[in-house]
Amino acid sequence: MTASETRPLTATRQFPPGFLWGAATAAYQIEGAAAEDGRTPSIWDTFSHTPGKVFAGHTGDVAVDHYHRFRDDVRLMKELGLSAYRFSVSWSRVQPTGRGPAVQKGLDFYRALVDELLGAGIRPVLTLYHWDLPQELEDAGGWPERSTAERFGEYAAIVGGALGDRVERWTTLNEPWCSAFLGYASGNHAPGRTDPVAALRAAHHLNLGHGLAVQALRAALPPRAEVGVSLNLHQVRPLTDAPEDLEAARRIDAVGNRVWLGPMLDGAYPEDLAADTARLTDWSFVQPADTATAHQPLDYVGINYYTPTVVSAAARGESGGGSDGGHGGGDFSPWAGAEDVVFHQPPGERTAMGWSVDASGLYDLLTRMARDYPELPLLITENGAAFDDEVAPDGTVHDPERIAYLHSHLDAVHRAVGSGVDVRGYFLWSLLDNFEWAYGYAKRFGAVHVDYDTLARTPKASARWYADLARTGVLPELPGA
Ligand code: FCB
């Protein structure tokens, strides 16, 4: 289906037939069972167990115990009328050392989950890598080393071989920007290294690993399978029209967006990125055939969007930094290639993450992608918001801010579809409250509330609202609007 074949939309904000209504999660954020059935530590186990790295020393040891409760969680998804569910596979559960043969019990868990989903009429969308590198591979050098990309291709072949008969949609990497730059440059995420050159090397090996994984999946999967990647593209906006702020926006577009779009979709790194980072590296770690390997035909690109990225040039003598406004928030500096750039949070409404609420960024991102890659279908693989939700005395969770956030962003998606952008589905982040990386359990993104003492699940008002939307495919007026 091409964009021009999508049906005309009515004024009632009807989404196209077959549009996927999903929710997303990630293995380390929900599974728990960290040391069960042969699973070994990933970099997030090590990082979260390192004092001072994660809020209040929280870890994913138990998380929301999805490993043991997945059948109940799938029942909940069915009650919410979801037509799709995006989850990730824990690499160290399936291949504990990151190399060699698979552990059958690890594969069995995901096969049981997928069968439960299919039985409930919910389409699985499987992400191979959502940030949880096996610790042994980090000990061998991690993503800055080429061998990690090669191991990732082998792991993709294992999972593709085991689940290819029942999973139709595959995603190689989730937000490689976070893996490279928060993991290896700012150090806010695992493995917590602060080496800008390592971050650029990691970025390249993530691109290469993506390409090797797509090749491995194509070899293992039936032809009907769809393969893509999820990127947290930055909707970069200059603070002013001054030339130095426009230049700051160009730099962040290069090292935030085109560092992935170039190799994966165009087959080459952008020239300005090499110039911007020449002080750090000559990129000689890129071997001649690598960008061709990274450049594999894709069936879709997944867009993860939360908030726009507003930047200016650092004033003379001021160092770059501030919050990136994307994942991680907090102290951003140093970001390889972004040293002279300052990140701003625009005034106005914010979520509990401090991220500004601005759905126009999503519209702009979708229309940019459709302009630059008109043949490429898009999925919104993550969008959502954290608020300080509480269970009311009557046992319900009222989260009108989340409903308003989802409403405005889905309205932006609907407008983009109306402008001819080929968006095939939307995955709310997240199904459940969960381990929010460096923020531990302090930030609640779920449509379903989790009581961390009892692990009881309580759908929030937003979950009911979203269920109606999934059932009707029509975005209603905002309650009270
Ligand atoms: C994204 C991550 C996801 C979650 C949301 C809030 O960057 O992919 O795991 O943490 O942010």
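In which sense do β2 and strand β3 pair, and over how many bridges? In this predicted model, β2 and β3 (residues 123–129) run parallel and are joined by 5 bridges. Within that pairing, Tyr85 faces Pro124 of β3.

Strand β1 (residues 20–24) also pairs with β2. The two are parallel and share 3 bridges. Here Gly22 sits opposite Ala84 of β2.

How many residues of strand β2 are buried? For β2 (residues 84–88), the count is 5 of the 5, so the strand is largely enclosed by the rest of the structure. Buried here means under 20% relative accessible area. Ala84, Arg86 and Ser88 point one way from β2, while Tyr85 and Phe87 point the other way. Both sets are buried.

Strand β8 (residues 309–313) pairs with β9 in the antiparallel sense, over 4 bridges. Val311 stands opposite Phe343 of β9.

| Pair | Sense | Bridges |
|---|---|---|
| β1 and β2 | parallel | 3 bridges |
| β2 and β3 | parallel | 5 bridges |
| β8 and β9 | antiparallel | 4 bridges |

How values were computed. Residues are numbered from 1 along each chain as its sequence is written. This is a predicted model: local features need pLDDT of at least 70, side-chain atom pairs count only at pLDDT 80 or more; totals for chains, interfaces and linings use all residues. Side-chain values use heavy atoms; hydrogens and water are left out. Buried means under 20% relative accessible area, exposed over 50%, partly exposed in between (1.4 Å probe, protein chains only). Two strands pair if DSSP finds at least two bridges between them.
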